[in-house]
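Open the model in your viewer and keep the selection panel at hand. We will go stop by stop.

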Amino acid sequence: QVQLVESGGGLVQAGGSLRLSCAASGSISSINGMGWYRQAPGKQRELVALITSGGRTTLADSVKGRFTISRDNAKNTVFLQMNSLKPEDTSEYYCNADVWSFGRLMNYWGKGTLVTVSS
C-alpha cells in the first residue's frame with residue numbers, strides 16, 4: 001500500500017507565498033513522475049506542475065514564473081513553491097505520483113490540501 005500525504009496549505013494574502021509538500025510512503029520501489037493538480041469549487045481538476053524522476057519540469061501557463069516544482073528522490077517527496085499568489089490560485093491542491101510497488105506501476109493521489117488566497 002502506498003500513501004501520499006500533502007501538507008503546507010493554508011490562508012495567505014494575495015502576493016504571499018506558500019510551500020506545499022507531499023510525502024509518499026509505503027511499499028515503494030521507485031517513483032516516476034510526480035505532480036500537483038488543483039481543483040476549485042465547481043471546476044474541473046487541472047494540472048499545475050509535473051516533475052520527472054530526472055528533474056524535468058512542466059508548469060501550467062497560469063503559474064509559470066510564480067510556482068516552482070521540485071523533488072527529493074531520497075525522501076520520496078515533491079514540493080510546490082508558490083510565490084506571488086493570486087485569489088484565483090485558491091483551490092484544493094492534490095499530489096499525484098506514478099509509483100513502482102511490488103513490480104507494478106500504479107498511479108496514486110493524495111487527499112489534498114486547501115490553499116486560500118485572500119484579496
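Helices (H or I, at least four residues) and strands (E, at least two) are DSSP runs, numbered from the N terminus. This is a predicted model, with residues numbered from 1 along each chain as its sequence is written. Local features need pLDDT of at least 70, side-chain atom pairs count only at pLDDT 80 or more, totals for chains, interfaces and linings use all residues, and side-chain values use heavy atoms, leaving out hydrogens and water.

**Stop 1: R66**

Select R66, in the loop between β6 (57–59) and β7 (67–72). Is R66 buried or exposed? R66 is buried, because its relative accessible area is 10% (buried means under 20%, exposed over 50%, partly exposed in between; 1.4 Å probe, protein chains only).

Now show D89. Its side chain makes a polar contact with the side chain of R66, at 2.7 Å. A polar contact is a pair of N or O atoms within 3.5 Å; within protein, one must be able to donate a hydrogen and the other to accept it, and residues adjacent in sequence count only if both atoms are side-chain atoms. Residues up to four places away in sequence aside, R66 touches Q81, M82, N83, S84, L85, K86 and D89 (contact means heavy atoms within 4.5 Å).

**Stop 2: the sheet**

Next, colour β1, β3, β8 and β7. In that order these four strands form an open antiparallel sheet. β1 (2–7) and β7 are the edges: each has a single partner strand, so one side of each has no neighbour in the sheet. Strands pair if DSSP finds at least two bridges between them. β7 and β8 (residues 77–82) have six bridges, in the antiparallel sense.

**Stop 3: T77**

Stay in β8 and select T77. T77 counts as buried, at 9% relative accessibility. A polar atom of its side chain lies 2.8 Å from the backbone oxygen of K75. Beyond four places in sequence, T77 touches C22, A23, M34, S70, R71 and D72.

**Stop 4: the core**

Which residues have the most contacts inside the largest nonpolar core? Select W36, V48, F67, V78, L80, M82 and Y93; the core has 29 residues. Such a core is a set of buried Ala, Val, Leu, Ile, Met, Phe, Trp, Tyr and Cys residues joined through side-chain atoms within 4.5 Å.

Finish on F67. Beyond four places in sequence, its contacts include R38, V48, L59, L80, M82, D89 and Y93.
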